[in-house]
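Visitor: I'm new to this one. Can you walk me through the sheet?

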Amino acid sequence: MMMLKLALRNILRNRRRTVLTVLSMAGGYLLVSVQLSVTEGSYDQVLDFYTRDTTGHVQVTVEGYVETPTLYKAFGLTDTLLHTLADIPGVEAMAPRIESSALGYGETRSFPVNVRGVDPEPEAALSYLADKVSAGHYLGSEPDAQGYVRVLIGAQVARQLSLGVGDELILVSQGADGSLANDLYRVQGILGQPGDAEERWVVMPLAAAQAFFVLPGEVHRLVILGADYRVAQRLASRIAAVLPDPALSVSPWQTVAKEFHETMTADKEGGMITLYVIVFLVCIGVLNTVLMSVLERTGEFGVLKAIGTSPARLFSLIVLETLMLAIIACLVGLLLALPINLWFTVQGIALAEPMEISGIVFSHYRGQMSAYVFGFPMLVILVSALLIALMPGIRAARIVPVDAMRTL
Amino acid sequence: MSPVIETLDVSKHYGEGDTLVKALDRVSLSIESGEFTAIVGPSGSGKSTLLQLMGGLDNPTLGQVHLANKDITQMSGRELSDFRRDHIGFIFQAYNLIPVLTAAENCEYIMLLQGVAETERRKRVYAMLNRVGLAGREGRFPNQLSGGQQQRVAVARAMVSRPNIILADEPTANLDSQTGSDLLDMMHDLNRNEGMTFVFSTHDPMIMERASRLIRLKDGCIDSESERGES
């Protein structure tokens with residue numbers, strides 16, 4: 001208690017210097033916290049969109065399909081499997097998919113396409129597919145009045161094959177049994193714009209895709225959505241633990257979209273360099289202040305040592321003083337960062353030009369309010385304060401009393 | 001009586017070669033318990049250096065210093081700190097109180113380091129400050145006290161931890177003669193009534209008058225020693 005009192009009174013001795021030091025550290029906290037909030041908010045937007053739109057949070061596939069997808073690596077989608085997975089806490093939505101390629105024919109031209117078989121309703125609940133229809137209507141499970149299976153086609157497919165809503169599309173491919181697959185479909189809608197990720201897609205109901213590729217009752221992926229992409233690995237472990245078929249594999253989105261995940265992580269780490277530069281500059285300033293304060297009190301430390309204060313206690317006094325400054329700075333920084341991060345999260349910064357990805361519009365840079373955004377800068381400031389205190393602390397601890405007291 | 005402190009051929013040299021200065025040269029002396037000793041001599045004679053070596057504030061170039069039957073020159077920094085805390089009380093010329101602690105807290109600080117329980121600390125601090133005539137001023141900070149009062153706090157701080165010996169380096173040098181005389185009377189009383197051992201480095205005649213033993217230093221060596229009866 002006495003050491004706390006001593007440390008507190010010491011930092012209050014030169015109030016102006018203490019205020020400036022606290023403000024400098026609080027400024028560092030504020031910059032790091034706001035930068036983290038905006039960065040995390042932006043990554044959060046992108047990753048949440050990407051995982052919902054493309055990979056889901058977790059996928060169940062045949063072992064090896066994620067690494068090398070082929071038509072033949074399909075598995076039977078049974079009710080038992082679906083019920084088992086649906087009962088796992090955290091599983092919010094599931095959608096089966098078939099994916100392969102084919103050659104599409106219009107009136108006069110052909111064009112290579114990526115065929116996707118989806119269950120229309122679960123897919124619409126899980127991904128943004130239904131929101132991407134730029135012309136016509138979203139998929140239905142049933143054929144139209146003339147018995148045509150209805151499909152959605154990507155904008156590039158529509159352009160290359162000169163197809164519009166209501167036109168006929170012929171697909172030719174190979175079935176899983178080695179037979180020649182071909183069929184006639186009716187265009188129900190167009191997806192997005194040329195240049196979008198879906199530009200070469202042909203999306204049809206799951207049953208139609210199973211019939212086309214001769215995969216009765218089978219799928220390539222069972223895409224699962226949990227509460228949050230951040231807990232996908234935990235969800236994947238829970239699913240893997242109860243999966244009935246050992247031939248099946250469970251992969252979180254980080255594995256499914258490995259390159260994307262690695263690129264995002266590298267980008268994020270690059271952004272952290274800016275934060276470390278900010279912290280470094282703040283540390284230099286604070287180190288100077290703490291060193292000055294120790295130098296000024298050299299004589300006093302000599303007296304403290306002369307009357308029996310151990311070197312370790314003297315060292316801990318300096319550390320305590322620096323940590324106190326850091327804690328006060330973190331509280332001030334927190335008070336300043338809270339409203340700013342809240343504003344970024346709720347309001348955000350409007351982009352000069354809204355960004356459209358596959359028909360989904362991003363118009364604002366958003367911040368994020370999370371324990372990480374406020375806790376990480378606190379940890380950085382406190383650890384930095386500890387490091388800063390090392391040199392002056394060691395200096396104070398090694399003082400020779402008789403030499404130090406000559407400065408009084 | 002067994003010696004409280006003993007120096008054996010203690011030397012302190014600064015510099016080397018042509019610039020070698022012998023601040024102390026082979027000084028051997030022994031202080032018995034209950035003494036009121038003054039080390040006197042002109043400026044530069046080595047009084048303060050000897051006191052610093054006796055208190056373990058500095059290490060001798062040669063020789064040994066024994067305190068409570070232990071050679072303190074062989075101790076590590078940590079051991080020496082603990083030893084000073086438990087066995088030696090210091091009174092400095094410039095008082096050297098901790099400016100951010102009150103009079104009571106300055107006295108309490110050493111006992112805190114010693115691990116004395118809080119209630120015992122408080123009891124001893126208030127009793128000691130009362131003993132040195134500072135009752136009612138326990139909560140004042142050093143800058144709220146006069147020079148004499150600050151030196152009384154320093155005396156209280158030195159005594160309250162119950163050391164074997166109190167080393168006082170020119171304790172009256174910054175005080176007016178009346179305040180200095182009062183303070184010396186107080187220390188003398190403590191010596192007579194409580195058997196506290198005092199060693200002063202001084203050239204203050206008032207201290208010399210009261211001292212039971214005078215050790216005269218000249219050019220870093222003991223020039224003469226004299227003992228007096230009860231003064």
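Guide: Two strands pair if DSSP finds at least two bridges between them. Helices (H or I, at least four residues) and strands (E, at least two) are DSSP runs, numbered from the N terminus. This is a predicted model, where local features need pLDDT of at least 70, side-chain atom pairs count only at pLDDT 80 or more, and totals for chains, interfaces and linings use all residues. Residues are numbered from 1 along each chain as its sequence is written, and chains are lettered from A and ligands numbered from 1 in the order in which they are written.

Visitor: How do strand 3 and strand 8 of chain B pair?

Guide: In the parallel sense, over five bridges. Ala38(B) stands opposite Phe200(B) of strand 8.

Visitor: And what order do the strands of the open sheet have?

Guide: The order is 6-7-8-3-9-10 in chain B, six strands with mixed pairing. Strand 6 (88–91) and strand 10 (221–227) of chain B are the edges, each pairing on one side only.

Visitor: Switching topic, which residue in the turn between strand 9 and strand 10 of chain B has a positive phi?

Guide: Asp219(B), with a phi of about 50°. Strands 9 and 10 of chain B form a hairpin with two residues between them; they run antiparallel, joined by six bridges. Lys218(B) stands opposite Cys221(B) in strand 10.
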